[in-house]
Amino acid sequence: MSVPIVRTVDELRTIAAEWRRSGASIAVVPTMGALHEGHLSLARAALQKADRIIVTLFVNPKQFNSAADLAAYPRTESQDAAKLALLGAHLLYVPDAVEIYPAGFATTVSVSGISQGLCGTFRPGHFDGVATVVAKLFLQTGADFAFFGEKDFQQLQLVRRMVQDLDIPITVVCCPTVREADGLALSSRNFRLSPAERAIAPNLALVLIETAERLARGSPVLPTLAEARAAILAAGYRDIEYLELRGETDLQPMTSLDRPARLLAAAWLGETRLIDNVRTSPVFSEVR
Ligand code: AMP
């Protein structure tokens with residue numbers, strides 16, 4: 001069994017239009033490839049929801065901040081296709097660069113507010129790149145549903161905001177973060193970790209989970225976050241870009257836990273930048 005691969009918008013639209021004529025619903029799962037269980041969980045969820053699923057694979061240069069990071073990004077198209085075939089995905093869309101950024105391309109989709117702070121501070125232009133490519137993939141596929149991982153929480157909320165603001169007729173579905181047994185969130189960048197770094201890596205998630213529990217039990221926010229930062233550095237991370245408590249839907253900074261929130265962090269382990277986030281909520285609102 002194999003999954004059909006298309007590389008042009010024309011081929012993609014022809015197939016999607018046929019599906020639509022037959023009354024099928026369509027889901028899209030945007031990825032940059034190097035597929036792991038996190039990506040596959042989105043594809044499985046999409047298969048549950050829609051009659052036809054399109055997985056997209058595009059390593060989007062506009063969302064990388066460094067040429068070295070872009071060059072080092074893993075590219076494993078044939079293995080990705082094999083995994084998707086096994087799952088029963090209906091189409092793999094691997095657009096040629098010109099299909100996304102044709103000559104003279106001059107449009108940027110920029111979502112203010114949510115794209116500022118957190119990763120937005122440390123990766124200038126990243127979220128404009130994400131919003132622009134995701135908008136194009138939504139328009140090119142014409143999908144009814146789009147599946148995104150909670151792992152990239154700021155991206156998820158940005159896409160939701162964009163869909164709402166631009167009246168894009170697509171339902172965004174969020175899937176939980178898939179983790180290794182020791183807690184490390186699956187990521188295409190984990191392969192860069194040395195064995196020693198891999199042993200340290202789960203501490204980011206473990207500290208976030210423990211901190212979320214402490215906050216939920218009423219521990220004061222600012223000192224608790226300071227202790228969390230210290231614990232991540234003590235575990236062997238080199239640098240913390242941010243570790244913050246933000247409102248669950250608006251991503252506004254919070255200094256007391258009075259509503260559902262997310263604890264989000266980005267930290268460097270050697271030369272690898274890892275991000276993670278967990279939910280937290282005041283205990284009283286869980287009980288109600
Ligand atoms: P990427 O290929 O890294 O751009 O990710 C493509 C999609 O997979 C995004 O919606 C990510 O949030 C999602 N994703 C990446 N890692 C995970 C994970 N560990 N668990 C769930 N979803 C993930």
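Ser41 lies in helix H2, which covers residues 37-49. This is a predicted model, so read everything below as a description of that model. Ser41 is buried, with a relative accessible area of 18%; the cut-off for calling a residue buried is under 20%. Its side chain reaches the backbone oxygen of Gly38 at 2.6 Å.

Ala34 sits in the loop between S2 and H2. Ala34 has a positive phi of about 50° although it is not a glycine. Most residues other than glycine have a negative phi. At 14% relative accessibility, Ala34 counts as buried.

### The six-stranded sheet

Now for the parallel sheet. Six strands make up an open sheet, in the order S1-S4-S3-S2-S5-S6, and the pairing is parallel. Strand S1 (5-6) and strand S6 (171-175) are at the edges with a single partner strand each, so one side of each has no neighbour in the sheet.

Strand S2 (residues 26-31) and strand S3 (residues 52-57) run parallel and are joined by six bridges. If you want to find your way along that pair, look for Thr31, which stands opposite Leu57 in S3.

Which strands does helix H8 lie across? Helix H8 (residues 153-165) lies across strand S5 (145-149) and S6.

Helix H7 takes up residues 126-141, 16 residues in all. From first C-alpha to last, H7 reaches 22 Å, close to the 22 Å expected at 1.5 Å a residue. Of its 16 residues, 14 are buried, so H7 is largely enclosed by the rest of the structure. Just after H7 comes Gly142, with a positive phi of about 60°.

One of the helices packing with H7 is H1 (residues 9-21): the two meet at an angle of about 50°, with their axes 9 Å apart. That angle makes H1 oblique to H7. On the H1 side, Val9, Leu12, Arg13 and Ala16 take part in the contact, meeting Leu139, Gln140 and Thr141 in H7. As a reminder for reading such a list, an α-helix has 3.6 residues a turn, so residues three or four places apart point the same way.

### Gln154, a buried polar side chain

Gln154 lies in helix H8. Is Gln154 buried or exposed? Gln154 is buried, with a relative accessible area of 4%. A polar atom of the Gln154 side chain lies 2.9 Å from the backbone oxygen of Ile114. Leaving aside residues up to four places away in sequence, Gln154 touches Ile114, Ser115, Gln116, Gly117, Leu118, Cys119, Gly120, Phe127 and Leu251.

Leu251, one of those contacts, belongs to the loop between S7 and S8. Leu251 is buried, with a relative accessible area of 3%. Phi of Leu251 is near 60°, a positive value in a residue other than glycine.

| Pair | Bridges | Facing residues |
|---|---|---|
| S7 (residues 239-247) and S8 (residues 261-269) | eight | Leu245 and Leu263; Glu244 and Leu264 |
| S8 and S9 (residues 272-280) | nine | Leu269 and Thr272 |

How many residues of strand S7 are buried? Seven of the nine are, so S7 is largely enclosed by the rest of the structure. Strand S9 is mostly covered too, with eight of its nine residues buried.

The hairpin of S8 and S9 has two residues between the strands, and in this hairpin Gly270 takes a positive phi near 60°.

Key
Residues are numbered from 1 along each chain as its sequence is written. This is a predicted model: local features need pLDDT of at least 70, side-chain atom pairs count only at pLDDT 80 or more; totals for chains, interfaces and linings use all residues. Side-chain values use heavy atoms; hydrogens and water are left out. Two strands pair if DSSP finds at least two bridges between them. Helices (H or I, at least four residues) and strands (E, at least two) are DSSP runs, numbered from the N terminus. Contact means heavy atoms within 4.5 Å. Axes are lines fitted to C-alpha atoms, for helices over the stretch in contact, and angles run from 0 to 180 degrees between N-to-C directions. The expected span of a helix is 1.5 Å times one less than its number of residues. Buried means under 20% relative accessible area, exposed over 50%, partly exposed in between (1.4 Å probe, protein chains only). A polar contact is a pair of N or O atoms within 3.5 Å; within protein, one must be able to donate a hydrogen and the other to accept it, and residues adjacent in sequence count only if both atoms are side-chain atoms. Angles under 35 degrees count as roughly parallel, over 145 as roughly antiparallel, 65 to 115 as roughly perpendicular and the rest as oblique.
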